[in-house]
Amino acid sequence: MEEKIAQLQAEKLELENKFLDPDFLKSKDYLEIQKRYNKISEIIETYQKLKELQKQIKENKELIDKNEDAELVNLAISDNFQRELKEKKITSKLSTLLDDLFGIKKEEINRVFLEIRAGTGGDEAALFASDLFEMYQKFLSRKKFDFKIISESKNELGGYKEIILEVNGRDIFELLKYESGVHRVQRIPITEKSGRVHTSTATVAIIPVYNDVELKIDDKDLETTFLRSSGPGGQNVNKLETAVRIKHLPTGITVTCQSERYQHQNREKALEILKTKLYQLELEKQAKDISSNRKQQIGTGERAEKIRTYNFPQDRITDHRLNKSFSNISRILNGELEIILQEFEKQENLTQKYD
């Protein structure tokens with residue numbers, strides 16, 4: 001993008017020099033070139049606005065890192081969340097303007113992989129991951145989105161150590177993008193005999209699937225293992241080694257698929273997930289300011305990185321980015337997630353209004 005902007009700034013200067021020529025103003029190309037000049041000017045102005053906003057966000061982050069005043073830090077975090085919402089809007093607008101200028105059609109992302117993993121907290125974290133899975137499953141069913149389990153790994157209590165869903169639906173990434181991050185739960189675990197409240201976490205990653213992505217993977221970089229399925233897959237589950245696990249040796253990324261009936265189908269699906277994750281890493285290299293890969297989305301799973309807290313004793317869910325709490329946990333866990341998602345939409349609309 002930096003190179004494109006530099007080229008457009010140079011072109012803008014050339015066009016401004018042309019406009020100084022009276023004969024050019026009479027040429028048949030004048031109106032078309034004037035339109036292009038206006039588009040380039042808007043792109044450069046939007047880019048400058050984005051850079052200034054990113055500078056402010058960086059200054060806020062430095063203040064957060066260096067300051068010990070809790071109230072001031074919380075204000076800076078809240079302010080940065082608003083600025084980051086605005087940053088995403090301006091980045092999207094800039095991308096749209098560039099695509100329009102260069103004749104590139106914007107892609108709507110209608111397919112994602114939804115990945116839930118148990119974080120800190122042992123068995124309780126796995127049980128919480130299972131609760132999150134149930135919440136998303138009910139929400140997606142109510143919204144009529146198609147989804148299926150790609151892979152799952154349970155503990156002895158039936159909680160999920162990891163579960164990955166494939167979700168299809170119009171603009172699904174736009175709907176779920178704010179779910180990525182560390183979700184924290186505070187409650188009395190079923191395994192706790194003394195009745196003490198414990199804090200555990202689970203991580204969620206919403207991984208967009210882009211169309212027509214060409215990414216070559218060398219076979220020598222792959223370690224493939226075949227194993228028996230432990231979930232969906234038909235009558236051959238637990239009888240034949242139809243499930244496939246693929247590890248990408250250079251990055252250490254490992255994916256498992258057991259959703260299909262036949263081994264070659266699971267291998268094909270696992271490779272698709274792997275390519276999606278590798279493409280996310282490539283996007284992250286090209287645009288460091290945009291959170292693209294799974295690690296940036298969910299952090300390390302530590303409690304301090306929470307984006308949302310589910311507090312059962314007080315029957316409330318707090319989204320720390322919105323700085324807002326919602327009562328009636330059971331209602332939201334029962335699939336009425338739009339109660340929270342609509343607040344993000346309001347924030348985005350408000351940011352756009354004052355853009």
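Student: Hi! Which residues make the nonpolar surface patch of about 240 Å²?
Tutor: Leu63, Leu72 and Leu75 make that patch. Keep in mind as we go that this is a predicted model.

Student: Where is Leu72 placed?
Tutor: Leu72 sits in helix α4, which covers residues 70-101.

Student: And how does Leu72 count: buried, exposed or partly exposed?
Tutor: Leu72 counts as partly exposed, because its relative accessibility is 33% and that class runs between 20% and 50%.

Student: Okay, on to charges. Which residues gather in a patch of negative charge on the surface?
Tutor: Glu52, Glu59, Glu62 and Asp65 gather there.

Student: Let's pick Glu59. Where is the place of that one?
Tutor: Look at helix α3, residues 30-66; Glu59 is in that helix.

Student: What is the relative accessible area of Glu59?
Tutor: The value is 44%, so Glu59 is partly exposed.

Student: New topic: rings! How many aromatic pairs does the count come to?
Tutor: The count comes to eight aromatic pairs. One of them joins Phe19 and Tyr30: the ring centres are 6.0 Å apart and the planes stand at 80°, so this pair is edge-to-face.

Student: Which parts does that pair of Phe19 and Tyr30 tie together?
Tutor: Phe19 lies in helix α1 (residues 2-19) and Tyr30 in helix α3, so the pair ties together parts that are eleven residues apart in sequence.

Student: Is Phe19 buried or exposed?
Tutor: Phe19 counts as buried, because its relative accessibility is 18% and buried means under 20%.

Student: What about Tyr30, buried or partly exposed?
Tutor: Tyr30 has a relative accessible area of 23%, so this residue is partly exposed. Phe19 also pairs with Tyr37: here the ring centres are 5.2 Å apart and the planes are at 90°, so this pair is edge-to-face.

Student: Last one! Which residues do ring pairs link into a cluster?
Tutor: The cluster holds Phe19, Phe24, Tyr30 and Tyr37, linked by ring pairs.

How values were computed:
Residues are numbered from 1 along each chain as its sequence is written. This is a predicted model: local features need pLDDT of at least 70, side-chain atom pairs count only at pLDDT 80 or more; totals for chains, interfaces and linings use all residues. Side-chain values use heavy atoms; hydrogens and water are left out. Patches are made of residues with over 30% relative accessible area and no salt bridge: like charges are joined within 9 Å, nonpolar side chains (Val, Leu, Ile, Met, Phe, Trp, Tyr) within 5 Å. Accessible areas come from the Shrake-Rupley method with a 1.4 Å probe; for residues, only the protein chains shown count as cover. A salt bridge is a side-chain nitrogen of Lys or Arg within 4 Å of a carboxyl oxygen of Asp or Glu. Lys and Arg count as positive and Asp and Glu as negative; His and the chain ends are not counted. The place of a charge is taken as NZ of Lys, CZ of Arg, CG of Asp or CD of Glu. Helices (H or I, at least four residues) and strands (E, at least two) are DSSP runs, numbered from the N terminus. Buried means under 20% relative accessible area, exposed over 50%, partly exposed in between (1.4 Å probe, protein chains only). Rings of Phe, Tyr and Trp (its six-membered ring) pair if their centres lie within 6.5 Å; planes under 30 degrees apart count as stacked, over 60 as edge-to-face and the rest as tilted.
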